[in-house]
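Please read them with the structure open.

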Amino acid sequence: MRGIILAVCVCLVCMAVEAATPPDRQVAITIDDLPAGNAAFMDAASITDLTSRLLATLRAEKVPAVGFVSEKKLYSWGEVDERIKALAMWLDSGLELGNHTFAHTSLNQAGLKAFEEDVIQGETVTRLLLAQHKMKLRYFRHPFLDVGLDLATRREAEAFLSERGYRVAPVTVDAWDWMYARVYEDARKRGHTALQQQLLSSYLSYSDTMFGYAEQLSKELAGYEVKQILLLHANELEVDHLKELVELIRKRGYRFISLEDALSDQAYSMPDTYVGEGTDWLDHWAVTRGKPAQGHPVFPQWVIDLDKAIPAELKAP
Ligand SMILES: [Zn+2]
(Lines give C-alpha, C1' and ligand atoms only; values in the text may rest on other atoms or scores of the structure.)
Protein backbone atom coordinates (compact mmCIF):
# COMPACT_ATOMS: atom_id res chain seq x y z
CA MET A 1 0.00 0.00 0.00
CA ARG A 2 2.77 2.38 1.00
CA GLY A 3 4.44 1.56 -2.35
CA ILE A 4 1.31 2.52 -4.26
CA ILE A 5 0.97 5.81 -2.35
CA LEU A 6 4.62 6.58 -3.04
CA ALA A 7 4.20 5.77 -6.74
CA VAL A 8 1.14 8.03 -6.94
CA CYS A 9 3.07 10.81 -5.18
CA VAL A 10 6.08 10.48 -7.50
CA CYS A 11 3.71 10.51 -10.46
CA LEU A 12 1.99 13.67 -9.23
CA VAL A 13 5.38 15.32 -8.74
CA CYS A 14 6.31 14.35 -12.32
CA MET A 15 3.11 15.87 -13.62
CA ALA A 16 3.67 19.04 -11.63
CA VAL A 17 7.23 19.35 -12.96
CA GLU A 18 5.99 18.78 -16.51
CA ALA A 19 3.30 21.41 -16.13
CA ALA A 20 5.77 23.91 -14.65
CA THR A 21 8.46 23.41 -17.33
CA PRO A 22 7.43 25.21 -20.49
CA PRO A 23 8.32 23.32 -23.67
CA ASP A 24 11.42 24.60 -25.48
CA ARG A 25 9.79 25.69 -28.69
CA GLN A 26 11.56 27.56 -31.46
CA VAL A 27 10.34 29.68 -34.33
CA ALA A 28 11.91 31.80 -37.07
CA ILE A 29 10.07 34.83 -38.39
CA THR A 30 9.96 35.66 -42.08
CA ILE A 31 8.31 38.81 -43.46
CA ASP A 32 7.25 38.89 -47.11
CA ASP A 33 6.42 41.56 -49.69
CA LEU A 34 9.06 44.13 -48.78
CA PRO A 35 9.34 47.03 -48.76
CA ALA A 36 5.56 46.96 -48.08
CA GLY A 37 2.66 44.81 -49.23
CA ASN A 38 0.75 47.94 -50.14
CA ALA A 39 3.74 49.80 -51.64
CA ALA A 40 1.84 50.54 -54.86
CA PHE A 41 -0.62 52.71 -52.88
CA MET A 42 1.93 54.34 -50.55
CA ASP A 43 4.42 57.17 -50.91
CA ALA A 44 8.06 56.67 -49.97
CA ALA A 45 7.69 58.55 -46.66
CA SER A 46 4.91 56.18 -45.53
CA ILE A 47 6.99 53.17 -46.54
CA THR A 48 9.95 54.51 -44.54
CA ASP A 49 7.66 55.13 -41.56
CA LEU A 50 6.16 51.62 -41.77
CA THR A 51 9.65 50.12 -42.02
CA SER A 52 11.09 52.02 -39.07
CA ARG A 53 8.14 51.10 -36.82
CA LEU A 54 8.28 47.43 -37.80
CA LEU A 55 12.04 47.29 -37.25
CA ALA A 56 11.73 49.11 -33.91
CA THR A 57 9.48 46.31 -32.59
CA LEU A 58 11.78 43.56 -33.90
CA ARG A 59 14.79 45.28 -32.29
CA ALA A 60 13.04 45.94 -28.98
CA GLU A 61 11.83 42.34 -28.80
CA LYS A 62 15.21 40.98 -29.98
CA VAL A 63 13.51 38.97 -32.71
CA PRO A 64 15.64 38.04 -35.75
CA ALA A 65 13.89 38.05 -39.12
CA VAL A 66 14.45 37.65 -42.84
CA GLY A 67 12.52 40.04 -45.08
CA PHE A 68 11.67 38.91 -48.60
CA VAL A 69 11.77 41.61 -51.27
CA SER A 70 9.78 42.14 -54.45
CA GLU A 71 11.94 44.78 -56.10
CA LYS A 72 9.21 45.97 -58.46
CA LYS A 73 7.77 47.76 -55.43
CA LEU A 74 10.86 50.01 -55.43
CA TYR A 75 10.11 51.54 -58.80
CA SER A 76 7.93 54.58 -58.30
CA TRP A 77 8.77 57.76 -60.20
CA GLY A 78 11.11 60.05 -58.25
CA GLU A 79 11.09 57.78 -55.19
CA VAL A 80 13.44 54.95 -56.08
CA ASP A 81 16.33 56.13 -53.89
CA GLU A 82 14.08 56.69 -50.89
CA ARG A 83 12.45 53.29 -51.27
CA ILE A 84 15.83 51.59 -51.56
CA LYS A 85 16.90 53.40 -48.38
CA ALA A 86 13.87 51.95 -46.58
CA LEU A 87 15.00 48.50 -47.66
CA ALA A 88 18.55 49.17 -46.49
CA MET A 89 17.17 49.91 -43.01
CA TRP A 90 16.54 46.17 -42.59
CA LEU A 91 20.23 45.43 -43.02
CA ASP A 92 21.27 48.41 -40.89
CA SER A 93 19.14 46.82 -38.14
CA GLY A 94 21.14 43.60 -38.41
CA LEU A 95 18.38 41.67 -40.19
CA GLU A 96 18.62 39.81 -43.48
CA LEU A 97 16.95 40.14 -46.89
CA GLY A 98 15.92 37.45 -49.36
CA ASN A 99 14.41 37.34 -52.87
CA HIS A 100 10.64 37.06 -53.42
CA THR A 101 10.89 37.59 -57.24
CA PHE A 102 10.75 41.01 -58.91
CA ALA A 103 7.02 41.14 -59.62
CA HIS A 104 5.66 38.53 -57.17
CA THR A 105 5.36 35.97 -59.96
CA SER A 106 3.62 32.66 -59.28
CA LEU A 107 5.53 29.67 -60.65
CA ASN A 108 2.20 27.85 -60.98
CA GLN A 109 0.65 30.55 -63.12
CA ALA A 110 3.56 31.99 -65.10
CA GLY A 111 5.47 28.79 -65.82
CA LEU A 112 9.16 28.02 -65.39
CA LYS A 113 10.76 30.42 -67.89
CA ALA A 114 8.91 33.55 -66.76
CA PHE A 115 9.45 32.56 -63.14
CA GLU A 116 13.20 32.15 -63.60
CA GLU A 117 13.47 35.51 -65.37
CA ASP A 118 11.58 37.15 -62.53
CA VAL A 119 13.88 35.57 -59.93
CA ILE A 120 16.91 37.02 -61.74
CA GLN A 121 15.28 40.45 -62.16
CA GLY A 122 14.45 40.44 -58.46
CA GLU A 123 18.11 40.17 -57.40
CA THR A 124 19.60 43.45 -58.56
CA VAL A 125 19.15 45.91 -55.72
CA THR A 126 18.90 43.37 -52.90
CA ARG A 127 22.19 41.74 -53.89
CA LEU A 128 23.93 45.13 -53.97
CA LEU A 129 22.59 46.13 -50.56
CA LEU A 130 23.62 42.79 -49.07
CA ALA A 131 27.11 43.11 -50.57
CA GLN A 132 27.47 46.53 -48.91
CA HIS A 133 26.85 44.73 -45.63
CA LYS A 134 29.24 41.91 -46.58
CA MET A 135 26.32 39.52 -46.87
CA LYS A 136 25.19 37.15 -49.62
CA LEU A 137 21.75 36.74 -51.16
CA ARG A 138 20.93 33.22 -49.98
CA TYR A 139 17.19 32.81 -49.33
CA PHE A 140 14.26 32.57 -51.69
CA ARG A 141 10.55 32.57 -50.88
CA HIS A 142 8.05 31.46 -53.53
CA PRO A 143 5.26 34.01 -54.12
CA PHE A 144 1.91 32.53 -53.01
CA LEU A 145 4.01 29.54 -51.80
CA ASP A 146 3.47 28.17 -55.32
CA VAL A 147 6.22 25.57 -55.77
CA GLY A 148 4.94 24.12 -59.08
CA LEU A 149 2.01 22.24 -60.56
CA ASP A 150 4.01 19.17 -61.56
CA LEU A 151 7.05 17.55 -60.03
CA ALA A 152 9.35 18.03 -63.06
CA THR A 153 8.75 21.80 -62.99
CA ARG A 154 9.15 21.93 -59.22
CA ARG A 155 12.49 20.13 -59.36
CA GLU A 156 13.75 22.22 -62.32
CA ALA A 157 12.88 25.43 -60.48
CA GLU A 158 14.60 24.15 -57.34
CA ALA A 159 17.74 23.20 -59.28
CA PHE A 160 17.74 26.66 -60.86
CA LEU A 161 17.38 28.35 -57.46
CA SER A 162 20.09 26.22 -55.93
CA GLU A 163 22.49 26.97 -58.83
CA ARG A 164 21.97 30.67 -58.17
CA GLY A 165 22.91 30.15 -54.54
CA TYR A 166 19.47 30.11 -52.95
CA ARG A 167 18.00 27.99 -50.23
CA VAL A 168 14.19 27.86 -50.41
CA ALA A 169 12.56 29.30 -47.29
CA PRO A 170 9.68 27.01 -46.30
CA VAL A 171 6.72 28.03 -44.11
CA THR A 172 5.06 25.98 -41.37
CA VAL A 173 2.79 28.55 -39.71
CA ASP A 174 0.63 30.88 -41.78
CA ALA A 175 -2.30 32.77 -40.24
CA TRP A 176 -3.09 34.74 -43.41
CA ASP A 177 -2.10 38.08 -41.88
CA TRP A 178 -2.21 39.60 -45.39
CA MET A 179 -5.98 39.17 -45.52
CA TYR A 180 -6.52 40.44 -41.98
CA ALA A 181 -4.27 43.38 -42.84
CA ARG A 182 -6.21 44.30 -45.97
CA VAL A 183 -9.50 44.48 -44.08
CA TYR A 184 -7.78 46.19 -41.12
CA GLU A 185 -6.32 48.93 -43.33
CA ASP A 186 -9.68 49.42 -45.04
CA ALA A 187 -11.40 49.71 -41.63
CA ARG A 188 -8.89 52.33 -40.54
CA LYS A 189 -9.44 54.40 -43.68
CA ARG A 190 -13.14 54.43 -42.81
CA GLY A 191 -12.44 55.31 -39.16
CA HIS A 192 -13.98 52.02 -38.00
CA THR A 193 -11.88 51.45 -34.87
CA ALA A 194 -14.24 48.85 -33.33
CA LEU A 195 -13.80 46.67 -36.41
CA GLN A 196 -10.01 47.10 -36.24
CA GLN A 197 -10.10 45.80 -32.65
CA GLN A 198 -12.30 42.88 -33.68
CA LEU A 199 -9.90 42.00 -36.49
CA LEU A 200 -6.91 42.21 -34.17
CA SER A 201 -8.41 39.88 -31.58
CA SER A 202 -9.49 37.43 -34.28
CA TYR A 203 -6.01 37.58 -35.85
CA LEU A 204 -4.26 36.88 -32.56
CA SER A 205 -6.61 34.06 -31.67
CA TYR A 206 -6.33 32.49 -35.14
CA SER A 207 -2.52 32.74 -34.93
CA ASP A 208 -2.61 30.98 -31.56
CA THR A 209 -4.79 28.22 -33.05
CA MET A 210 -2.48 27.87 -36.06
CA PHE A 211 0.53 27.43 -33.77
CA GLY A 212 -1.30 24.71 -31.87
CA TYR A 213 -2.17 23.00 -35.13
CA ALA A 214 1.43 23.22 -36.41
CA GLU A 215 2.77 21.80 -33.13
CA GLN A 216 0.37 18.84 -33.25
CA LEU A 217 0.94 18.15 -36.93
CA SER A 218 4.72 18.38 -36.67
CA LYS A 219 4.63 15.80 -33.85
CA GLU A 220 2.58 13.49 -36.06
CA LEU A 221 4.82 13.95 -39.10
CA ALA A 222 8.32 14.36 -37.66
CA GLY A 223 7.83 12.73 -34.24
CA TYR A 224 8.69 15.98 -32.45
CA GLU A 225 7.92 19.68 -32.62
CA VAL A 226 10.00 21.04 -35.47
CA LYS A 227 11.65 24.44 -35.48
CA GLN A 228 8.71 26.35 -36.93
CA ILE A 229 8.88 29.04 -39.62
CA LEU A 230 6.22 31.75 -39.42
CA LEU A 231 5.05 33.72 -42.44
CA LEU A 232 4.17 37.39 -41.90
CA HIS A 233 3.92 40.36 -44.26
CA ALA A 234 5.06 43.98 -44.16
CA ASN A 235 1.74 45.69 -43.46
CA GLU A 236 0.02 48.10 -41.06
CA LEU A 237 -1.50 45.31 -38.96
CA GLU A 238 1.97 43.95 -38.11
CA VAL A 239 3.37 47.46 -37.62
CA ASP A 240 0.65 48.23 -35.07
CA HIS A 241 0.48 44.84 -33.34
CA LEU A 242 3.56 42.69 -33.92
CA LYS A 243 4.46 43.16 -30.26
CA GLU A 244 1.21 41.49 -29.14
CA LEU A 245 1.82 38.63 -31.57
CA VAL A 246 5.37 38.16 -30.26
CA GLU A 247 4.04 38.08 -26.68
CA LEU A 248 1.44 35.48 -27.62
CA ILE A 249 4.09 33.29 -29.26
CA ARG A 250 6.39 33.62 -26.23
CA LYS A 251 3.50 32.60 -23.99
CA ARG A 252 3.34 29.31 -25.90
CA GLY A 253 6.93 28.66 -24.82
CA TYR A 254 8.74 29.81 -27.96
CA ARG A 255 12.04 31.53 -28.37
CA PHE A 256 12.86 33.31 -31.59
CA ILE A 257 15.66 31.92 -33.75
CA SER A 258 17.23 32.78 -37.10
CA LEU A 259 15.98 31.20 -40.32
CA GLU A 260 19.40 29.59 -40.66
CA ASP A 261 18.96 27.92 -37.28
CA ALA A 262 15.41 26.78 -38.14
CA LEU A 263 16.63 25.24 -41.39
CA SER A 264 19.20 23.17 -39.51
CA ASP A 265 16.24 21.08 -38.30
CA GLN A 266 16.38 17.72 -40.10
CA ALA A 267 12.63 17.94 -40.65
CA TYR A 268 13.32 20.25 -43.59
CA SER A 269 15.01 17.36 -45.39
CA MET A 270 11.98 15.08 -45.11
CA PRO A 271 10.68 13.75 -48.46
CA ASP A 272 8.57 16.39 -50.19
CA THR A 273 6.98 15.76 -53.55
CA TYR A 274 4.08 18.17 -53.09
CA VAL A 275 2.75 19.97 -56.15
CA GLY A 276 -0.37 22.08 -56.57
CA GLU A 277 -1.86 25.10 -54.91
CA GLY A 278 0.51 26.97 -52.58
CA THR A 279 0.40 25.75 -48.99
CA ASP A 280 2.65 25.25 -45.97
CA TRP A 281 5.35 22.59 -45.59
CA LEU A 282 3.50 20.55 -42.98
CA ASP A 283 0.88 20.08 -45.66
CA HIS A 284 3.63 19.20 -48.16
CA TRP A 285 4.94 16.43 -45.91
CA ALA A 286 1.47 15.05 -45.13
CA VAL A 287 0.43 14.96 -48.79
CA THR A 288 3.78 13.37 -49.74
CA ARG A 289 2.92 10.50 -47.40
CA GLY A 290 -0.47 10.12 -49.06
CA LYS A 291 -2.26 11.31 -45.93
CA PRO A 292 -3.43 14.91 -46.41
CA ALA A 293 -3.56 16.75 -43.08
CA GLN A 294 -6.92 16.73 -41.31
CA GLY A 295 -8.47 19.34 -39.07
CA HIS A 296 -6.89 22.50 -40.49
CA PRO A 297 -8.33 25.40 -38.45
CA VAL A 298 -11.02 27.18 -40.46
CA PHE A 299 -10.21 30.80 -41.36
CA PRO A 300 -13.04 33.09 -40.15
CA GLN A 301 -15.56 33.48 -42.96
CA TRP A 302 -16.59 36.98 -41.84
CA VAL A 303 -13.05 38.24 -42.58
CA ILE A 304 -13.18 36.65 -46.04
CA ASP A 305 -16.56 38.29 -46.65
CA LEU A 306 -15.28 41.73 -45.60
CA ASP A 307 -12.23 41.27 -47.82
CA LYS A 308 -14.44 40.34 -50.78
CA ALA A 309 -16.35 43.59 -50.31
CA ILE A 310 -13.19 45.70 -50.84
CA PRO A 311 -13.09 46.89 -54.48
CA ALA A 312 -10.47 45.08 -56.57
CA GLU A 313 -8.79 48.36 -57.62
CA LEU A 314 -7.93 49.03 -53.97
CA LYS A 315 -6.16 45.70 -53.54
CA ALA A 316 -2.39 45.55 -53.92
CA PRO A 317 -1.24 43.84 -57.12
ZN1 LIG B 1 4.31 37.54 -51.17
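At what angle do helix H8 and H9 pack, and how far apart are their axes?

1. Helix pair. This is a predicted model. In it, helix H8 (residues 177–189) packs against H9 at an angle of about 170°. The two axes lie 9 Å apart. Angles over 145 degrees count as roughly antiparallel, so H8 is roughly antiparallel to H9.

2. Who touches whom. On the H8 side, the contact is made by Asp177, Tyr180, Val183, Tyr184, Ala187 and Arg188. H9 supplies Leu195, Gln196, Leu199, Ser202, Tyr203 and Tyr206. Sorted by class, this contact has eight nonpolar, two polar and two charged residues.

3. Nonpolar core. The largest nonpolar core counts 96 residues. Ile31, Leu58, Trp90, Leu230 and Ile249 have the most contacts inside it. Helix H9, spanning residues 193–222, gives the most to this core: 12 residues.

4. Ile249. Set aside its neighbours within four places in sequence. Ile249 is then in contact with Val27, Phe211, Leu230, Tyr254 and Phe256. Leu230 is, like Ile249, among the residues with the most contacts inside the core.

5. Gln228. Please look at this side chain. Gln228 is found in strand S7 (residues 228–233). Is Gln228 buried or exposed? Its relative accessible area is 0%, so Gln228 is buried. Leaving aside neighbours within four places in sequence, Gln228 is in contact with Gln26, Val27, Ala28, Thr172, Val173, Ala214, Glu215, Ser218, Tyr254, Ala262, Tyr268 and Leu282.

Terms used
Residues numbered from 1 in each chain as written. Predicted model: local features only at pLDDT ≥ 70, side-chain atom pairs only at ≥ 80, totals over all residues. Heavy atoms only, no water. Core = buried A, V, L, I, M, F, W, Y, C linked by side-chain atoms within 4.5 Å. Buried < 20%, exposed > 50% of the residue type's maximum accessible area, 1.4 Å probe, protein only. Helix = DSSP H or I, 4+ residues; strand = E, 2+ residues; numbered from the N terminus. Contact = heavy atoms within 4.5 Å. Axes fitted to C-alpha atoms, helices over the stretch in contact; angles between N-to-C directions. Parallel < 35°, antiparallel > 145°, perpendicular 65-115°, else oblique. Nonpolar A, V, L, I, M, F, W, Y, C, P; charged D, E, K, R; others polar.
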